[in-house]
Amino acid sequence: MLEFEGDAPVLDLGLSRCLLVHCFRSTFLGWIGLPFRKVAMAPRSDFSHWSVKDSRKGTPVVVTMENPNYSVLQIDGPDDEQESFRSMDKDRGKNAKQFTWVLLLKAHRAVGCVAWVAAALWTLLGVIKRRLVSRQEAEAQSDKPRKARLLLKLLRMFLALSLIAFAFELVAYRNGWHFPKPNLHLPENLHMPKKIEVQGWLHLAYLSWLSFRADYIAYPIQILSYICIILFVIQSADRMILCLGCFWIKLNKIKPRIDEDPFKSGDGSEYQYPMVLVQIPMCNEREVYEQSISAVCQIDWPKDRLLVQVLDDSDDESIQFLIRAEVSKWSQRGVNIVYRHRMVRTGYKAGNLKSAMSCHYVRSYEFVAIFDADFQPDPDFLKLTIPHFKGNPELGLVQARWSFVNRDENLLTRLQYINLCFHFEVEQQVNGVFCNFFGFNGTAGVWRIKALEESGGWIERTTVEDMDIAVRAHLKGWKFMFLNDVKVLCEIPESYEAYRKQQHRWHSGPMQLFRLCLPDIIASKISIWKKANLILLFFLLRKLILPFYSFTLFCVILPFSMFVPEAELPVWVICYVPVLMSILNILPALRSFPFIVPYLLFENTMSVTKFNAMVSGLFQLGSSYEWVVTKKTGRSSESDLLEAAERDSKSFALPTLYRGASESGLGELNRLKEQEQRPAARPAVKKANKIYKKELALALLLLVAAARSLLSAQGIHFYFLLFQGVSFLLVGLDLIGEQIN
């Protein structure tokens with residue numbers, strides 16, 4: 001209804017509401033991106049694009065509104081009014097239909113995303129339930145008492161404190177109790193409300209927490225973070241220098257070479273091969289003993305100049321008999337091979353090797369090659385390594401590189417492959433070229449027996465006997481050589497449990513050795529540069545500092561900094577530098593570049609195990625001298641099996657082989673069969689995937705910290721904590737690597 005005041009009609013309340021709704025709808029649809037015909041607002045009244053002609057039709061009508069906040073519309077006439085409103089109604093119907101379809105599409109996507117997240121969470125909960133049930137059954141059948149470790153107790157305490165702090169922050173966020181970040185050195189800048197401003201006892205408790213945090217917690221955490229950042233930068237610089245050294249080696253094509261045939265005699269009439277001893281130490285290696293003995297026995301070397309020692313420490317009689325039968329088979333084929341078994345297994349691998357080197361016939365041999373039970377050398381291994389000793393009397397060790405038959409078996413083996421490729425391609429090659437020292441890998445290497453004897457031989461004092469003998473030989477002046485082109489096939493652990501135990505031994509042993517050999521290093525007659533390289537770089541930086549700062553910085557300080565924003569870590573520490581270091585680590589294995597993000601997260605996850613092992617070795621705790629044989633599966637590639645069978649058929653002409661030809665062997669075989677037919681007196685312990693409590697506690701701690709960073713809108717911190725927490729959760733539930741049913 002229109003009311004007129006003079007010549008201008010005035011719009012009543014009903015019509016004004018309609019026009020207001022129409023304007024709001026056009027504005028909203030234009031904001032979400034749907035097309036809509038715009039209505040010109042006063043004072044602009046140019047609607048010439050509605051008509052082809054410039055002439056106006058009808059009588060213009062001006063509509064004004066009593067409320068001054070409303071705009072004025074000018075309509076050119078009744079005809080144009082009907083046409084324009086008809087077109088707008090038509091477009092409005094069309095746009096409403098498009099808007100409905102867009103909403104339905106977005107709703108469908110949202111429902112699909114929610115369903116996917118719900119299914120993933122449901123699957124994860126099911127896995128957790130199965131893990132807990134299987135773990136309880138396995139622990140019920142096990143007689144070993146379970147003890148809570150000190151590190152686990154500390155992690156549980158940190159988790160409880162983080163949950164309490166997060167509850168405070170949630171209440172503060174809901175009630176709006178947010179204040180400016182206090183200055184670390186001037187805590188008086190923190191605005192503390194007066195008593196009349198306090199909104200209750202909970203508010204007062206939160207304010208007391210802010211004051212306590214600024215006065216007593218923030219400064220120590222920031223000092224510790226500064227120390228870890230400095231160590232992080234130093235270790236990153238060391239890794240950068242190693243990569244530059246590797247690039248220099250590749251650019252200048254530096255590698256050991258053999259210029260002439262070393263086995264020819266002076267007059268060139270005949271070949272002279274040195275006496276070589278090959279040792280295969282093993283312990284309960286049911287899966288891999290056959291392929292390792294077979295590969296070693298087919299090495300291309302004169303039979304009268306080669307002796308193979310199979311050093312068996314197995315405590316299972318069935319495995320002992322199988323290994324003896326395999327040795328007997330190759331002995332019948334003309335291989336000079338002996339089997340040794342110790343009644344008392346003392347000193348682990350070092351004691352086994354020491355016992356073998358004490359045999360009287362070893363004195364006639366010049367070199368000794370060592371292979372673990374899962375290593376399969378090529379037939380030309382000795383011809384590629386032994387020649388480097390000729391004309392180089394100071395050379396005590398030639399180390400070959402490892403090659404892996406199961407590197408693509410699962411995600412765990414792929415991540416290990418990245419680490420081991422960097423270790424051989426960069427660390428050992430650069431140290432071998434520029435420093436003439438690197439840690440012996442315990443296998444796939446050839447020692448000059450004289451170097452072993454002058455260095456004191458194998459000593460049963462640590463779980464890293466290979467590193468121990470390498471350090472002592474280096475202090476005596478012996479040189480080492482690394483051959484990156486000579487590769488020996490082997491396995492890497494496929495289950496997280498086996499990999500975790502291996503890493504514990506590899507990181508606790510060096511710290512235990514460092515305590516024992518530090519006085520010898522200081523008192524040795526080698527140069528100051530070599531002493532500094534051993535103490536500062538080899539032991540402290542790469543064996544102690546690396547696990548310390550990686551665990552402290554990314555697993556303790558980073559989540560705590562979310563609750564103590566005064567000690568917040570910069571972005572380059574948690575993002576840019578770690579990504580750059582991961583790229584450098586992955587360069588020797590470019591095929592694994594798609595796994596760079598899982599590699600970065602998994603390395604931070606493994607810092608818990610490495611830190612725990614480092615502390616136990618440094619302070620001589622209970623697990624520092626723990627030796628667990630790494631589980632192996634006996635995998636071989638199809639091409640390797642075919643080549644081995646072909647070499648076997650060409651090299652030997654015996655049609656049949658008779659295992660255990662002696663009466664004692666037959667009697668033992670019958671006794672083993674009788675034992676297998678008897679019912680087991682004790683039920684076998686059920687195997688199941690483990691649950692790792694330290695990793696689970698850290699997973700919850702990081703996820704709580706991620707939720708706290710979400711309240712503060714910290715982008716990169718939130719994503720890093722979230723993904724790192726999920727990584728700890730997967731590892732804690734043993735969902736990476738081989739799965740046990």
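A disulfide, for this tour, is a pair of cysteine sulfur atoms within 2.5 Å. By that rule the count here is 0 disulfides. Select Cys243 to see one case: Cys243 is in no disulfide, and the nearest cysteine sulfur, that of Cys246, is 7.1 Å away. Cys243 counts as buried, at 15% relative accessibility, and Cys283 counts as buried too, at 9%. Buried means under 20% relative accessible area, exposed means over 50%, and partly exposed is in between (1.4 Å probe, protein chains only).

Some ground rules before moving on. You're looking at a predicted model, where local features need pLDDT of at least 70 and side-chain atom pairs count only at pLDDT 80 or more, while totals for chains, interfaces and linings use all residues. Residues are numbered from 1 along each chain as its sequence is written, and side-chain values use heavy atoms, with hydrogens and water left out.

**The whole chain**

Zoom out and colour by secondary structure: there are 19 helices and 11 strands. Those are DSSP runs numbered from the N terminus, helices being H or I with at least four residues and strands E with at least two. Of the chain's 741 residues, 46% count as buried.

**Helix H11**

Next, select residues 465-475, which make up helix H11; 11 of its 11 residues are buried. The buried set includes Glu465, Asp466, Asp468 and Arg472, along with Met467, Ile469 and Leu475. What do the buried residues of H11 pack against? Show helix H7 (348-357), strand S10 (445-448), helix H10 (449-454), strand S11 (479-490), helix H12 (496-523) and helix H13 (528-563). After H11 comes Gly477, with a positive phi near 95 degrees.

Click on Tyr348, in helix H7. Tyr348 is not a glycine, yet has a positive phi of about 55 degrees. At 21% relative accessibility, Tyr348 counts as partly exposed. Then go to Ala444, in the loop between H9 and S10. Ala444 isn't a glycine either, and its phi is positive at about 60 degrees. Is Ala444 buried or exposed? At 0% relative accessibility, Ala444 is buried.

**The second largest pocket**

Centre the view on Lys255, Pro256, Arg257, His388 and Met481, which lie nearest the centre of the second largest pocket among its 30 lining residues. On a 1 Å grid over the protein atoms alone, a pocket is an open set of points with protein on both sides within 12 Å along at least five of seven lines, whereas a cavity is a set where a 1.4 Å probe fits but cannot get out; lining residues have an atom within 4 Å of a point. The pocket's volume is about 730 Å³. Which element gives the most to the lining? That is S11, with 8 residues; helix H4 (201-252) and helix H9 (411-434) each supply at least two.

**A cavity to finish**

There are 2 cavities of 30 Å³ or more.

Terms used: Points joined across faces, edges and corners; volume = space filled by probe spheres on them. Contact = heavy atoms within 4.5 Å.
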